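This report covers a set of computed features for the structure shown below.

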Amino acid sequence: MISRVAEHCFWLARYLERAENTARILEVNHTLLLDFHVPVEHQWKPLLIISGVHDYPHEPTAENVQQHLTWEADNPVSIASSLWWARENARIIREVISGEMWERMNFYHLWMQTGGGRLAYDTNRTDFYAQVRRINQLLHGIADATMSHGEAWEFFKLGTYLERASQTARTMDVKYHTLLPKLEDVGSPIDNAHWVAILMSCSGYEPFHKKPRLMPIDPGAAVAEFLIYDEQFPRSIRRCLWECESATASAAGNAAGRTPTEAERKITELIAYLDARGIADVIREGLHETLTHVVDSVHAIGHSIHTTFFNPPTRMTQTQTMGGMTQSQG
Amino acid sequence: MPTVGIEPRLPIRASNRGPAEPPRLFDGYSPHPSAWDELFTRDVAPHPHCDALVDRLGGLHLTEFQAKRANADLAFVNQGITFSVYSDQRGVEKIFPFDLIPRTIPAGEWNVLEAGLIQRVQALNLFLHDVYHDQRILKEGLIPTELVLGSKGYRKEMIGFTPPGGVYVHICGTDLIRDTNGQFLVLEDNGRTPSGVSYVLENRAVMKRVFPQLFHDIRVKRVEDYPRRLREALASVAPFGADAPPCVVVLSPGQYNSAYFEHSFLARHMGVELVFGPDLFVDNDVVYLKTTRGPQRVDVIYRRLDDDFLDPEAFRPDSLLGVPGLFRAYRAGNVTLANAVGTGVCDDKAVYPYTEDMVRFYLSEEPLLRNVPTHICDRREDCEFTLANLDKLVVKAVNESGGYGMLMGPFSTAAVRAEFAEKVRGNPRNYVAQPVVTLSTCPTWTDEGVAPRHVDLRPYIITGCDTWVLPGGLTRTALVKGSLVVNSSQGGGSKDTWVLE
């Protein structure tokens, strides 16, 4: 497929995933932590940090942070920006995605832009976040059911899982930035509530508890292990990377015995890095350091995908003569 | 009020209905005093071919009609069938106002139009071949040589080159109007990159959704074949030696172009790739598409990009939209461009007055379609006549479109006319003048209920191995009372066009 079109498919999926994820963390933070008397700066500021907003000029109050991460047009990761760019990517390739996908995407774009979304946000915050979450879910369902599962689909999948791997890592990293009031709070109800919040932000609360395991000595480590290593949970980092690996291989043609592309090598490398460690090693080396490595590697993988698929060389031969144009004027 | 020569007309009256009956769609409709009405005769009875339509639509209560309008508008908004207006950084998307009351053309009349359009496009293609080869029509003195060779649309780079199949104008949009006697006239030919056909298809789709029963009761010619016909025509003029099937693409200037929706629409419905200039590259005079699995050869490009921007090596060097080397590949015969380069010469409004002569000259036939009488300001006596009658004429710049660069004499002020006269004197070659034709009207929904509004008609003519005309075309309608300007860029709307079987 056309390289540029593949790139739009990839980014359409990434922006949709990002909007969903931002809605998830805001939703959880908004509802769950209401029960715990965490100082405000500990509750909302970490969300700015994991979203990559390091220079927020205002007081990080609940309203300010939610406004910034939901509506701020100048914030490239806000829900409004993400959905705007998702729709813009969809608009550019509307002849590639299915008509039904486009119509829904456009419907929610209008909902965000012409007041419906704002009204929901002002009247029922939790419903609003749930609705935003469903946009991505709905579009994935429509895509799955109405789009050919060809190359465009593989790039859509690749974008989804790559963004998700990064988002899961960022969400877990919230723990690093949320300082506990006192050292002895480790393992306390507040500490546990944080881990529950992280699980819920990744939609992993139920899958985590359904997984048969011994009573963990350290609930934090168990959650971290689940979110990094679980083989079945569709938001665990390892599972996401596996999906990226297979989508990249399909996009590259899947021929037996071919040389893997740079993008595939980078993904395999990151999986190997995680596989070489267990959760105990990760915690000993520092969870934050491992997560930082994941986020940086995902960034590098994105770069390789770009050079491999989206910006390929444009010369058939080396013999092209530039500027040597001769026109017979007959 | 109208005076002599115009018969008084009675508005349609609600007949035999009780006082409590809510008003219906055509109640009180009062046609334009002098224009030809597309649905009603001079005595406010439907034209015979409009009987069924007026009966069905006229049965609707205003509230029912309003509900259908809201339904149709919503369909356009939700599907993002829009064009862009750039008033801020992010661009505003607007829907092209759509009127639910269709414009109808009876079968017999359409057959004549269709034959006339085919004849005209054949003559234009022969004319283009001639002016880039032997120039017989110039040598025989039928058209002044300077007029053609000096035209902005004339590309000397095309001299001696014959595009595959000998076709220059693959897609033509010819604007027709109807005068007060109901006679169709050609207003202009658009042989470069005529737009609007996607609205014809979308308008029909929305009409079918909103009024399914109407299409059961009344037999209307299909328009849905257009994308398939276009794809077949494009494939039929692929360069010699191209793969079967050839690789056809639509080349768009990009997502910020106001007609981007249409480019995307056509690619989607033809089942071909939509590409931007940077998606293509030329190597060894062959055009390739950049794909995720390496370069793919391209055979036919339906380009929605003006000549100027096609290839920075051959034309405007500052063009970022085009493909360096494309014109070289074209002249080498390795790729087909539709439309061909250099067709702008037949869009030139100063060349237009000679199209009837072209039909006689190349085809030895009498033209079936007539032009609007035109004064070419390049001729001294025409120029003097024009300047003396500015208040009665429409004066047009020869290379403008979209209703720009135009003076509507009778509706202008003396100051504006004086200013325009200066422009005409400064560059007479750039202007032509025509009498004001009172365009036909069609009942249209307005803030004051259903009222007559002026319309024109743009049929689309596709030429590959043979020539095919899309039944009907785009009916554009002025939405402002009395306005004769129907262009979308000037706030016009559109209607579904029904060619009856």
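In this predicted model, 29 residues of chain A are in contact with 32 residues of chain B. On the chain A side of this contact, the elements that supply two or more residues are α1, α4 and α5 of chain A. The most is given by α5(A), with 5 residues. Sorted by class, the side of chain A that touches chain B holds 12 nonpolar, 10 polar and 7 charged residues.

**Chain A**

The secondary structure of chain A consists of 15 helices and 0 strands. Of the 330 residues in chain A, 43% are buried. Taking the contacts in chain A between residues at least 6 apart in sequence, 71% join residues at least 24 apart.

| Helix pair | Residues | Axis distance | Angle |
|---|---|---|---|
| α4(A) and α5(A) | 79–92 and 99–113 | 10 Å | about 145 degrees |
| α1(A) and α9(A) | 3–31 and 189–201 | within 9 Å | roughly 145 degrees |

The crossing of α4(A) past α5(A) is left-handed. From α4(A), the residues that make this contact are Ala80(A), Leu83(A), Ala86(A), Arg87(A) and Ala90(A), and α5(A) contributes Trp102(A), Met105(A), Asn106(A), Tyr108(A), His109(A) and Met112(A). The class count for the contact of α4(A) with α5(A) is 8 nonpolar, 2 polar and 1 charged residues. Both helices of this pair are also among the elements that give two or more residues to the side of chain A that touches chain B.

The crossing of α1(A) past α9(A) is right-handed. Here Arg24(A), Ile25(A), Val28(A) and Asn29(A) of α1(A) meet Ala197(A), Met200(A) and Ser201(A) of α9(A). By class, the contact of α1(A) with α9(A) comprises 4 nonpolar, 2 polar and 1 charged residues. Helix α1(A) is likewise one of the elements that give two or more residues to the side of chain A that touches chain B.

Ser30(B) is located in the segment before α1 (51–58) of chain B. Ser30(B) counts as partly exposed because it has 15 C-beta neighbours inside 10 Å, a count between the limits of 12 or fewer for exposed and 20 or more for buried. Along the sequence, Ser30(B) and Val44(B) are separated by 14 residues, while their C-alpha atoms are 7.8 Å apart in space.

Asp283(B) belongs to strand β8 (residues 280–283) of chain B. With 17 other C-beta atoms within 10 Å, Asp283(B) is therefore partly exposed as well. The C-alpha atoms of Asp283(B) and Ala329(B) are 8.7 Å apart, and the two residues are 46 apart in sequence.

**Confidence**

How do the scores stand for the model? The model has an ipTM of 0.76 and a pTM of 0.85. For chain B, the mean pLDDT is 90, and 93% of its residues reach 70 or more. Over residues 1–6 of chain B, pLDDT stays under 50. For that stretch of chain B, the model has 4 contacts beyond four places in sequence.

Note on methods
Residues numbered from 1 in each chain as written. Chains lettered and ligands numbered in written order. Predicted model: local features only at pLDDT ≥ 70, side-chain atom pairs only at ≥ 80, totals over all residues. Axes fitted to C-alpha atoms, helices over the stretch in contact; angles between N-to-C directions. Helix = DSSP H or I, 4+ residues; strand = E, 2+ residues; numbered from the N terminus. Left-handed = near helix turned anticlockwise from the far one by under 90°. Contact = placed C-beta atoms within 7 Å. Nonpolar A, V, L, I, M, F, W, Y, C, P; charged D, E, K, R; others polar. pLDDT = per-residue confidence, 0-100.
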